[in-house]
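These are my notebook entries on what I looked up in the structure shown below.

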Amino acid sequence: MCPVVRELSSREGVVSLCCVSGQHREMLDDALSVFDVTPDLDLHIMTERQTPSLITRRCLDGMEQAVDALHPDLILVHGDTSTTFAAALGAFYCRIPVGHVEAGLRTEDRYSPYPEEMNRRLVSRIAELHFCPTEQNRENLRREGITDGVFVTGNTVLDALRTTVRADYVFPASELEALVRSGRRLLLVTCHRRENIGEPMKNLFKALRQIAEERTDVEIIYPVHPSPNVREAAYRYLRGAPHIHLIPPLSVDAMHNLMARCYLVLTDSGGLQEEAPALGKPVLVMRRVTERPEAVEAGTVRLTGTEQATIVSMTNELLDDPAAYDAMAYAVNPYGDGHAAERIADAVQRFAKERLGL
């Protein structure tokens with residue numbers, strides 16, 4: 001969202017105000033620092049082991065405070081988190097129009113990803129502006145009867161990459177810098193999906209451990225998500241494994257630059273399915289379904305599911321078969337040209353003029 005905040009701030013006649021939930025405090029503060037964005041309001045909703053219902057309640061309460069303090073004419077929300085849904089609902093209760101950045105993503109399975117799939121469906125019913133990364137996202141909305149206020153913009157994550165990835169980047173952590181400079185093939189891992197917690201996550205981590213124990217030609221780098229459930233599982237199954245490096249979460253610029261220097265990505269995340277291909281890195285998605293089928297169709301992403309044997313086999317194929325690797329690394333990324341924020345800002349200004357009379 002930071003590229004959108006910055007683009008709107010540069011437009012004459014626009015007052016761009018930034019409200020953050022305060023969830024995942026350290027990761028949030030790092031991202032804001034990288035993009036030089038200062039929040040105008042922080043809801044401070046973070047609590048230990050919070051549930052989706054608690055997040056939603058606290059964010060709804062915070063949105064009343066935000067509206068009272070900032071008096072916005074339009075509220076933009078991003079993606080599919082519970083804070084996204086709660087912010088959209090809070091805006092609706094205050095009769096303020098909503099614009100949805102990264103709209104129209106669907107898996108057609110309401111419990112995968114959970115609760116994100118239902119969050120984004122509900123936001124689509126509330127929003128008046130829908131900023132879709134791809135034509136497929138627009139088609140998803142059309143099938144649901146949503147055709148007004150829909151724009152295909154590309155995804156703002158590519159805008160972010162244009163400012164963060166640098167050839168001269170030096171990692172603040174000396175151990176990570178040494179790994180990057182070692183010349184060994186680096187496998188970058190992220191894993192945190194709520195629906196994977198439990199047996200699926202156990203399978204994912206056992207697969208990573210098997211890869212690390214059977215191969216001496218790779219280093220696996222896993223910035224462990226701060227969720228206590230994820231951290232406990234990660235350290236239970238991966239601590240002490242050879243060639244596996246469990247490190248703290250990385251800042252946005254460090255993560256993007258590590259992605260640019262790794263060999264391939266294994267993830268259950270969403271955004272990495274768009275970011276890594278833009279950097280020419282194949283992505284193995286450790287989930288049953290993805291809301292980004294365009295990447296699968298383009299060949300930049302492959303779904304592994306959550307079974308240990310399949311994850312190991314598909315990883316080994318990309319490590320051992322240069323043709324299979326190149327087919328993914330050189331496929332065309334379908335998520336835009338890195339100018340999504342400009343298109344979103346253009347549409348916001350037209351909406352403000354034509355619909356709001358501003």
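I began with Cys132, which stands opposite Val152 in β6. The strands concerned, β5 (residues 129-132) and β6, pair in the parallel sense over three bridges; pairing here requires that DSSP finds at least two bridges between two strands. I noted that helices (H or I, at least four residues) and strands (E, at least two) are DSSP runs, numbered from the N terminus. This is a predicted model, in which local features need pLDDT of at least 70 and side-chain atom pairs count only at pLDDT 80 or more, while totals for chains, interfaces and linings use all residues. Residues are numbered from 1 along each chain as its sequence is written, and side-chain values use heavy atoms, with hydrogens and water left out.

I then looked up the sheet, an open one of four strands in the order β3-β4-β5-β6 with parallel pairing. Because β3 (75-78) and β6 (150-152) stand at the edges with a single partner strand each, one side of each is left without a neighbour in the sheet. The twist averages 20° from one strand to the next.

For β10, I found that β7 pairs with it in the parallel sense over four bridges, with Leu187 opposite Leu264 in β10. β10 also pairs with strand β11 (residues 283-285), in the parallel sense and over three bridges, and there Val265 stands opposite Val283. Is β10 covered on one face or on both? Both faces are covered, since Leu264 and Leu266 on one side and Val265 and Thr267 on the other are all buried, where buried means under 20% relative accessible area, exposed over 50% and partly exposed in between (1.4 Å probe, protein chains only).

Next I checked helix α9 (residues 199-214), whose 16 residues should span 22 Å at 1.5 Å a residue, and its end C-alpha atoms are 22 Å apart, which agrees; the expected span is 1.5 Å times one less than the number of residues. Its buried residues include Met201, Leu204, Phe205 and Leu208, and what covers the buried residues of α9 includes β7 (185-190), β10 (264-267) and α14 (308-320).

Last, I looked at Glu354, which lies in helix α16 (residues 340-354). At 64% relative accessibility, Glu354 counts as exposed. Glu354 and Gln23 are 331 residues apart in sequence and 35 Å apart in space, C-alpha to C-alpha.

Terms used: Contact = heavy atoms within 4.5 Å. Axes fitted to C-alpha atoms, helices over the stretch in contact; angles between N-to-C directions.
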